Amino acid sequence: MFKLFTCSSNRVKAVARALSYKTNSISGVLQLQVMLNVNNIRKDFPILNRKVNGKPLVYLDNAATSQTPKQVIDAIVDYYSNYNANIHRGVHTLSQEATDLYEASRIKIQKHFNAKHAHEIIFTSGTTHGINLVANGFASLLNKNDEIIVSALEHHSNIVPWQMLCERTGATLKVIPMNLEGELLMDVYDTLLTAHTKLVFVNHISNALGTINPIEYIIEKAHNVGAAVLIDGAQSCPHIKPNVQELDVDFYVTSAHKMCGPTGVGMLYGKEAWLNKLPPYQGGGEMIDQVSFKKTTYAALPHKFEAGTPDIAGGIVFGTAIDYMNSIGFEHIAAYENELLGYATKALQTIEGLKIYGTASNKTSVISFNLEGIHPYDVGTILDKLGIAVRTGHHCTQPIMDFYKIPGTVRASFAFYNTKEEIDILVSGVKKAKMMLS
Ligand code: C6P
């Protein structure tokens, strides 16, 4: 069944602006029409047919990891059935074919993110690895007078590596504060930037609250004082298609498993000049030019940052996952998920004593909430008994939980394969949990 969604509101304008998809102005009213065959799409995801605790699975933990379509699963099986070999080091046919597939995937990723060069795409094990690679590289470029800016909305993986960097270099860490809606205070950001600011690190979309951050503004202002910017795209890439050249961002990192790909693989985009400036992260095979006991010279990009045998199948099918998501279309994905967000927000708000954390005017399909007087873990446990998968806890964002003075939240996060019927099941599950736990 095709679903036609027509949204008319300032909210759509804001989302369209933030997510850069096309809108048509009809009779002076902004119209956004999305055709998404959700029932057909769901057939691509075998796991959505399974039962959990005797109930059909309702998977609403997409911000933790997305589910995997059979196109990606088949590509993994195909790789191990037909191409499995080590890459970049064999003259034999299998090795060359595997190398070609791996490098073709790098080019797919380059094109998807609109990087200028394929060698600006470094395969990593995920967002965390990409951030640590850059943080480690900057250790040799910073001193005690330098300043680093992060935001109050960061995941621990975009806080701890910078704290470790500050410990190593003596640099100072500054934090862009947030308001109760979960939006970053840009006027304060302006005052934090100084001639000493060397780096700014912000996530594109908050995993705990769903806030879409104004990264264009953040990047431009940072560049005005000569600072480099790393954007953590772990939560944006499932919903939008970032254009790294248009953003003029210095580094952009993400994980394949958030966007229908496998776990254990991701990418770091870095501008060529920056990647050439940073020292290698790990030493080992493949990242060298010449090795002797006197001196080692390093390989050119991207191999300088890719020591050891990588997750070859993962790297190859990262490209398959990107193809899959593009075949659906990011403008359709974003508009449909926005529809789900609106529907779920409205329905959950009817439950007395339910409080939503993160009400930014510009947010994606993540809803963090608590029931008054009830621990989020207990709600999550009851929802699981009903077959509903949500995440509970601090979501690796303890500073956000401290800001709201709560131990954690229940987080429901929606993907393009979720339905309004599943949201109805969530809402009745939350009502049941409230009844049982009150
Ligand atoms: N957030 C969540 O449930 P890795 O683990 O390296 O693939 O991604 C880390 C990461 C970094 N930044 C952001 C904004 C993230 O959301 C995540 C992963 C998951 O919210 C697991 S903690």
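User: Is Tyr-298 buried, partly exposed or exposed?

Analyst: The model is a predicted one. The relative accessibility of Tyr-298 is 45%. Buried means under 20% and exposed means over 50%. Because 45% falls in between, Tyr-298 counts as partly exposed.

User: Which residues make the nonpolar surface patch of about 280 Å²?

Analyst: A residue can belong to a patch if its relative accessible area is over 30% and it has no salt bridge. Tyr-298, at 45%, is placed in strand 15, which covers residues 296-298. The patch is made by Ile-288, Val-291 and Tyr-298.

User: How much of the ligand does the protein bury?

Analyst: The ligand is surrounded by 16 residues, divided into four nonpolar, eight polar and four charged. An oxygen atom of the ligand is 2.6 Å from a side-chain N or O atom of Thr-128, and an oxygen atom of the ligand is 2.7 Å from such an atom of Gln-235. Taken alone, the ligand exposes 510 Å², and the share of this that the protein buries is 87%.

User: What distance separates the C-alpha atoms of Ile-73 and Val-317?

Analyst: Ile-73 belongs to helix 3, residues 70-82, and is partly exposed with a relative accessible area of 34%. Along the chain, Ile-73 and Val-317 are 244 residues apart.

Note on methods. Residues numbered from 1 in each chain as written. Predicted model: local features only at pLDDT ≥ 70, side-chain atom pairs only at ≥ 80, totals over all residues. Heavy atoms only, no water. Patch = residues over 30% accessible without salt bridge, like charges linked within 9 Å, V, L, I, M, F, W, Y side chains within 5 Å. Areas by Shrake-Rupley, 256 points an atom, 1.4 Å probe, with all protein chains shown as cover. Salt bridge = Lys/Arg side-chain N within 4 Å of Asp/Glu carboxyl O. Helix = DSSP H or I, 4+ residues; strand = E, 2+ residues; numbered from the N terminus. Buried < 20%, exposed > 50% of the residue type's maximum accessible area, 1.4 Å probe, protein only. Near = heavy atom within 4 Å. Polar contact = N/O pair within 3.5 Å; in protein donor to acceptor, adjacent residues only side chain to side chain. Nonpolar A, V, L, I, M, F, W, Y, C, P; charged D, E, K, R; others polar.
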